[in-house]
Each structure stands twice: as C-alpha cells, then as structure tokens.
Amino acid sequence: MTQELRVAVVGAGRMGTDHIIRIRDRMQRARITAIVDIDEEKARTAVQGIEGAQVYTDFVAALESGDIDAVVVVTPGFLHEQVLLPTITKGLPVLCEKPLTPDSESAWRVVQAEVQADAKLVQVGFMRRYDAGYREIQEAVRSNAYGELLALDCEHINPAVPDSYTGRNLIDDTVVHEFDGVRFLTGEEVTSVAVRAGKRTPLAKEGLVDPAQILMTTESGVRVSVNTHVAAEYGYAVTTRASFVNAHVAVGTDQVTPGFEERFVDAYDTEIQEWIDGCLQGEVTGPTAWDGYAAAACCEAGVRAVENPGTEVPVKLNAKPALYS
Ligand code: ISE
C-alpha cells in the first residue's frame with residue numbers, strides 16, 4: 001500500500017487555491033505533485049512553496065506523467081467531464097468539486113464510464129456531508145431517535161454572486177448543495193421541485209428571482225423548503241431545521257461568516273482527509289458519480305421550475321446501475 005498520496009490539482013482559481021493550501025498545510029499522508037491550469041501564470045502562483053510539484057497547462061500530460069496517484073478537479077463545472085473521463089480510463093481516483101457536470105446527460109456519461117470500468121473512482125465534492133451538524137441530523141434520521149422525519153426547512157444565503165450568475169446558477173451552483181443534502185439526510189430521492197417568487201431585494205441581479213423559495217418533495221413525502229438570498233451583502237449563512245415527530249434539530253443558525261470557505265472549513269478538511277485515506281486504502285467512500293448524476297437530474301427540474309415559478313416539476317432519473325447499489 002502507498003503511504004503517501006501524490007495528488008494533481010486541476011484548476012487554480014478560488015476553490016482550487018483553497019484546496020491547494022488545505023492539502024499543502026493541513027492534510028496528512030498526501031502531497032501535491034502537479035498543478036494544472038490553462039492559465040500558466042495562475043498555476044505558477046499556486047505552486048509556490050510546494051516542493052517538487054510540477055506545473056502543467058495540459059491535464060493529459062499530467063495524467064501521463066507517472067507522478068500522480070489521484071486527482072482533485074476544481075475547474076468550472078462545464079470542464080469537469082474532460083478531466084473525469086480520461087482519469088476513469090486510467091483507473092485513478094478523482095475528487096470532483098460540485099457540480100459533477102452541468103447537466104444530467106453528461107453526468108450520465110460519467111456514470112456509464114464508471115460502469116464500463118466496473119469501478120467507483122469519482123467522489124463529488126458535496127462537503128456538507130462532512131459537516132458536523134448535517135451528520136447530527138442524518139444520525140437522528142437513521143436512528144429514528146425522534147420518530148420519523150417530516151420536513152426540512154433550510155436557508156442558503158450568499159453575500160454576493162459573480163456578474164455571470166444566472167437563474168440556472170441559482171439552481172446548479174447554489175441549491176445543488178441542498179439537492180444532495182436532502183438526498184443525504186433522508187436517504188431518498190427528490191421527486192419534484194417548485195420555485196416560489198416573492199418580493200425582490202433592491203440588490204437583486206437583473207432577471208434573478210432573489211430571494212426565492214425552492215420547494216422539494218422526496219419519495220416518502222418529506223416536505224423541503226430552501227430560502228435562497230444571494231445578494232445578502234451581510235454575509236454567508238446556511239441553516240437546516242429538521243422537524244421530526246417528537247423534536248426538531250436546527251443546525252447552522254448562529255453561524256454567519258464572510259464566505260463558504262469559513263463556514264465549511266472543517267467539513268472541507270474532513271472531506272479531503274477522508275478521501276485521501278480512502279484512496280490510500282484503494283476505496284472511494286464519499287458521494288459517488290451516481291449522487292452527482294441524481295443531483296444533476298434535480299437541477300434540471302429546478303431550472304425548469306425557476307423559469308416557471310409556481311409549477312411543480314418532476315425529477316426524472318434513469319435506473320440506478322448495480323455498481324452503486
Ligand atoms: C459556491 O460555489 C458554493 O459551493 C457555496 O457553498 C454556495 O453557497 C455558493 O452559492 C456557490 O456559488
């Protein structure tokens with residue numbers, strides 16, 4: 001068994017840099033041997049202080065270098081597939097920041113590539129599964145400590161979003177976390193999505209429903225609401241209140257941070273360390289390509305719902321391959 005995982009990080013933007021610093025300074029049993037970015041300057045800046053790491057502008061060259069055991073992909077979502085497919089063919093584990101890919105058709109191609117390889121190599125970066133509060137709720141659901149789960153009421157607040165952010169991104173960049181979170185907490189698929197619009201903040205980006213309320217239903221009928229507000233200026237906040245028959249559990253209610261990096265720093269650290277240790281044992285234990293595909297299918301329904309406020313849109317899923325059972 002390898003004692004130290006040699007990691008290539010693909011993408012040296014905001015989140016890529018965060019993961020590079022995390023692996024460099026805080027993770028055990030891993031070292032970065034390659035940083036890949038089409039912008040060579042960015043990669044050169046990110047590689048500073050990392051002994052022995054090489055800079056690449058071409059991912060395939062890094063993959064073929066013989067110097068990496070695993071890959072972390074932190075490029076924009078529309079570039080994920082072109083990194084994931086050759087990595088799966090090569091048989092290396094890969095942690096892919098969310099979303100897996102921008103739509104369910106391309107996400108399904110990733111699932112099919114794993115089925116073909118007969119190996120679960122991809123882990124999707126749904127870091128909330130590693131958050132202590134989320135794990136507390138999931139444990140309460142699993143143990144039935146307070147009776148059945150009836151409803152989840154969530155807040156998802158961002159201080160600001162980039163100029164390029166659209167109604168589609170509200171769903172596939174922001175609410176994608178709740179789609180996965182709901183699947184994680186309930187152990188069920190989301191069956192439908194609807195969006196309610198209301199009074200807009202004067203700070204809302206043109207054409208954006210902000211705040212918005214995203215409503216979901218799960219297979220057993222758990223009712224979910226997610227209040228989004230992405231031009232909040234005052235900070236970043238993510239809360240979840242789980243209502244059970246005999247009690248409620250609320251998490252994140254007293255946490256307002258400048259951004260998601262601070263709010264989820266512990267979750268990211270746990271996520272990446274568990275991933276490293278799993279890779280060294282030859283297994284990927286976190287959210288799979290199937291989870292990424294299912295979230296993409298929810299996003300597709302969500303985008304239609306955001307375009308048609310008030311309409312309940314069903315989530316369409318292909319049958320789950322045996323690899324993920
Ligand atoms: C960002 O990429 C994240 O992952 C944050 O958690 C989310 O709140 C934000 O909306 C996304 O842009």
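Start by selecting D118, which sits in the loop between α5 (104-117) and β6 (122-125); helices here are DSSP runs of H or I with at least four residues, strands are runs of E with at least two, and both are numbered from the N terminus. D118 is not a glycine, yet its phi is positive, at about 55 degrees. You are looking at a predicted model, in which local features need pLDDT of at least 70 and side-chain atom pairs count only at pLDDT 80 or more, while totals for chains, interfaces and linings use all residues. Numbering runs from 1 along each chain as its sequence is written, and side-chain values use heavy atoms, leaving out hydrogens and water.

**Two cis peptide bonds**

Next, pick P99, in the loop between β5 (94-97) and α5. The peptide bond from K98 to P99 is cis, with omega near -5 degrees. Then go to P211, in the loop between β8 (190-197) and β9 (212-218). Here the bond from D210 to P211 is cis too, and its omega is near 0 degrees.

**The ligand**

Keep K98 in mind and display the ligand. Which residues are around the ligand? They are K98, M127, H156, N158, D173, T174, H177, Y236 and F260, each with a heavy atom within 4 Å of it. Now look at the polar contacts (pairs of N or O atoms within 3.5 Å). A side-chain N or O atom of H156 is 2.6 Å from a ligand oxygen. For Y236, a polar side-chain atom lies 2.8 Å from an oxygen atom of the ligand, and for K98 the corresponding distance is 3.0 Å. The protein buries 86% of the 300 Å² that the ligand exposes when taken alone, with areas from the Shrake-Rupley method and a 1.4 Å probe.

**The largest pocket**

Select V74, T75, P76, G77 and D173 next: of the 46 residues lining the largest pocket, these are the closest to its centre. A pocket is an open set of points, on a 1 Å grid over the protein atoms alone, where a 1.4 Å probe fits, with protein on both sides within 12 Å along at least five of seven lines; lining residues have an atom within 4 Å of a point. The space in this pocket is about 1300 Å³. Colour α1 (14-25), α3 (59-63), α4 (81-90) and α7 (167-186), each of which supplies at least two lining residues; the largest share, 5 residues, comes from α7. Both domain 1 (5-127 + 268-288) and domain 2 (128-260 + 293-324) give at least three residues to the lining, the bounds coming from an automatic or database domain assignment.

**The second largest pocket**

Which of its 13 lining residues are closest to the centre? Select R183, W290, D291, K320 and Y324.

Definitions and conventions
Grid points are joined across faces, edges and corners, and a volume is the space filled by probe spheres set on the points. A polar contact is a pair of N or O atoms within 3.5 Å; within protein, one must be able to donate a hydrogen and the other to accept it, and residues adjacent in sequence count only if both atoms are side-chain atoms.
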